[in-house]
Amino acid sequence: MNRPGPAWRDQVRRHLADAQHRTAYILSLNNVLGAATGFLFWLLFARLAGLDSAAMGLGYAAVALGTVIGVVAKGGMDTAMLEFVPHASSGQGRRLLGLSVVVGAGVALALAAVLAMAGQFGGLLPGLSWSGWALVAAIAILMLVSWLQDAYFVALGHARYSLERNLVLSTARVLMPLPIVALALLNPVALTWMVALAASALAGLIRLRSIPSRSGRAVSNGAFLSSSMHNVSGAAAEFLPGLLLAPLVLAIDGPAAAAYFGIAWTAASLFFQTSSAIGRSALAQMIRTGPVGVRSAIRRAILENLLVVAPAALIAGLLAPQLLSVFGRDYAQEGAAVLMLLCASIVFVAPASLYLAVLRSRGRSRALHAFPASLVAGLAILAPPLGIRYGLTGVAVAWLVANVPLGAYAAWRLHRSSWEVMPLARAAPVAGSSDLE
């Protein structure tokens, strides 16, 4: 006769059986994998390939600029897919994905062209050549495609497909640096990043073909794009402000400082991205269950942040010098304080990220516009003077201080939202959708 297991095992089983928890942990694992191999990516260039800090800084700035353009071009189309794709037929869902890619790629190309001309003729980031700006544009488009594929997978309850796509990206980022450096190709960092993204986007496309057909309703382009515009600023709030810091450091202190800051940001971004993944999982759950599921989704997400993000950020902050020393003494000396401050900021970044998910589920467009505008304004006011006076540490302090009021307000609102009485109404079941995995 089998005896029941200890109570804690039953609690763990129930915890992992929950659809929202499974999705959050798969997406978090996805971020951990990406961050770990991203860290190894930079380590390969710094140690084995012997790339100097100036070249590392220029490469990091190119990748950051491509990501910035991708974030802006993506707008709120990934969030709109979470809203419309679960209810749409398979043909309609793929059409929305294709529409998003076409619209986003056009915006990305236009933005990259404007910035390239400003760079070549206006003195903006003069270290980037025309070929460098071409790589920036390619990275932007491929990042856009990858994010939209992931949103499509999560919307249909197949978060594990996003993990598989990221496995291809991670493998390519680890295998490609040394051959590309050995061939003495230009812009090796940005080129390697672009090739890895192309491989992962192709893997995502192959995975899309394996999703079975389903029935559902038709979705108009106008309704989809209108929802995307509603969420454009909220989507940018999660990534854009931080990504702008690396080009700012490059402009203020030069490419070597950009490398030191970029490596510290790469390590800390693991926690920012994991918290964002938890918020996306909560958003998908709130969309599936309707208003009645908001409180439980918030509480689950808070628990996930406390169990996963907070302890990891604390450990990384305490071990910052040791973590960065693997890149070299200069990285540890210049970046340790930066990493500590960035890890400390998760106390404010995490609630803000989750609150953005709540706002998206409720269609609160004014607040979604206010959050990124406030953060960008705070960084614009604080980062340049603090960076000029105190160097990289000053930029990190600016990031922390700019996030304090937003994070504190978000924490207060989450506390209220997790306890307020919700309407006794349940959303209609989603046709053809499985539990989020």
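Visitor: Is leucine 148 buried or exposed?
Guide: Leucine 148 counts as buried, because its relative accessibility is 0% and the cut-off for buried is under 20%. Keep in mind that this is a predicted model.

Visitor: Where does leucine 148 sit?
Guide: Leucine 148 is in helix H6.

Visitor: What does leucine 148 touch, leaving aside its neighbours within four places in sequence?
Guide: Its contacts are Lys74, Met77, Asp78, Met81, Leu97, Ser100 and Val101. Take valine 101: it is 47 residues from leucine 148 in sequence. In space, the two C-alpha atoms are 7.5 Å apart.

Visitor: And glutamine 149, buried or exposed?
Guide: Glutamine 149 counts as buried, at 4% relative accessibility. Helix H6, residues 130-155, holds glutamine 149 too.

Visitor: Which residues is glutamine 149 in contact with, beyond four places in sequence?
Guide: The list is Leu97, Arg165, Ser200, Ala201, Gly204, Leu205 and Leu208. Leu97 is also a contact of leucine 148.

Visitor: Switching to charges. How many salt bridges are there?
Guide: The count comes to three. Side chains of opposite charge can pair when their charged atoms come close.

Visitor: Which residue pairs with aspartate 78?
Guide: Lysine 74 does, with the closest N and O atoms 3.1 Å apart. Aspartate 78 is buried, at 14% relative accessible area. Lysine 74 is buried as well, at 2%.

Visitor: What about arginine 165?
Guide: Arginine 165 forms a salt bridge with aspartate 150, and their closest N and O atoms are 2.9 Å apart. Arginine 165 lies in helix H7 and aspartate 150 in helix H6, so this pair ties together parts 15 residues apart in sequence. Arginine 165 is buried at 5%, and aspartate 150 is buried at 13%.

Visitor: Which side chain meets glutamate 164?
Guide: Arginine 207 does, in a salt bridge of 2.7 Å, N to O. Glutamate 164 is in helix H7 and arginine 207 in helix H9, so the pair links parts 43 residues apart in sequence.

Visitor: How do those two stand for accessible area?
Guide: Glutamate 164 is partly exposed at 31%. Arginine 207 is partly exposed at 26%.

Visitor: Zooming out, how many helices and strands does the chain have?
Guide: There are 19 helices and zero strands. The chain has 437 residues, and 54% of them count as buried.

Visitor: Which residues touch the most other members of the largest nonpolar core?
Guide: Trp42, Met56, Tyr152, Phe224 and Trp399 do, in a core of 133 residues. Helix H13, residues 255-289, gives the most to this core: 18 residues.

Visitor: What does tryptophan 399 touch?
Guide: Leaving out residues up to four places away in sequence, its contacts include Pro241, Trp265, Phe272 and Leu379.

Visitor: Why call helix H17 largely enclosed?
Guide: Because 13 of its 17 residues are buried.

Visitor: Where is valine 72 found?
Guide: Valine 72 is in helix H3, residues 53-74. Valine 72 is partly exposed, with a relative accessible area of 37%.

Definitions and conventions:
Residues numbered from 1 in each chain as written. Predicted model: local features only at pLDDT ≥ 70, side-chain atom pairs only at ≥ 80, totals over all residues. Heavy atoms only, no water. Core = buried A, V, L, I, M, F, W, Y, C linked by side-chain atoms within 4.5 Å. Buried < 20%, exposed > 50% of the residue type's maximum accessible area, 1.4 Å probe, protein only. Helix = DSSP H or I, 4+ residues; strand = E, 2+ residues; numbered from the N terminus. Contact = heavy atoms within 4.5 Å. Salt bridge = Lys/Arg side-chain N within 4 Å of Asp/Glu carboxyl O.
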